[in-house]
Amino acid sequence: MDFQVGQQASFSKTITETDVYQFAGISGDFNPVHVNKIEAEKSIFGKQVAHGILGASLISAVLGTRLPGPGTIYMGQTLKFLSPVYIGDTICAIVKIKELLPKGKAILDTEVKNQNDKTVISGEAIVKLPVE
């Protein structure tokens, strides 16, 4: 496969209450801000929010299925959580090739935006590109 700097792909999903509860079960993170409506209303967010890593996991969906695609090896990721993701938000993970490195590796800009085009998560990934 021929990869180029600037190439990008994305994946979108509406975050449901079920997603949040299932992620809590998988991760073991039952922080009340995620799973308790009454307690979440008392938080700085004012209502339930999705786990930050749940939002960031959409980046992995792009890497493994779209760009670079199947066979990609995820080697590292930095993340900045800039704004909360609420139940009902539609978020879009965007991955863009920033730099092609020797030995079949690449640095990728990663970003997650909500339905209002607000960046909620930003970061950078390092991957080993798939081979044909």
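The largest nonpolar core has 26 residues. By nonpolar core I mean a set of buried Ala, Val, Leu, Ile, Met, Phe, Trp, Tyr and Cys residues joined through side-chain atoms within 4.5 Å, where buried is under 20% relative accessible area with a 1.4 Å probe, protein chains only. Ile15, Leu108 and Val112 have the most contacts inside this core. Helix 1, helix 4, strand 3, strand 4 and strand 5 each give two or more residues to the core, and the largest share, 6 residues, comes from helix 4. Helices (H or I, at least four residues) and strands (E, at least two) are DSSP runs, numbered from the N terminus.

This is a predicted model: local features need pLDDT of at least 70, side-chain atom pairs pLDDT 80 or more, while totals for chains, interfaces and linings use all residues. Residues are numbered from 1 along each chain as its sequence is written, and side-chain values use heavy atoms, without hydrogens or water.

Next, helix 4. Its buried residues are Leu54, Gly55, Ala56, Leu58, Ile59, Val62 and Leu63. They pack against several elements, including strand 3, strand 4 and strand 5.

Leu108, leaving aside neighbours within four places in sequence, is in contact (heavy atoms within 4.5 Å) with residues including Leu63, Val95, Ile97, Ala125 and Val127.

Now the strands. Strand 3 (residues 90-101) and strand 4 (residues 105-113) pair in the antiparallel sense over 9 bridges; pairing requires at least two DSSP bridges. Strand 4 is also joined to strand 5 (residues 119-128) by 9 bridges, again antiparallel. Glu111 is the bridge partner of Ile94, and in strand 5 the partner of Glu111 is Ser122.

Methods: Buried < 20%, exposed > 50% of the residue type's maximum accessible area, 1.4 Å probe, protein only.
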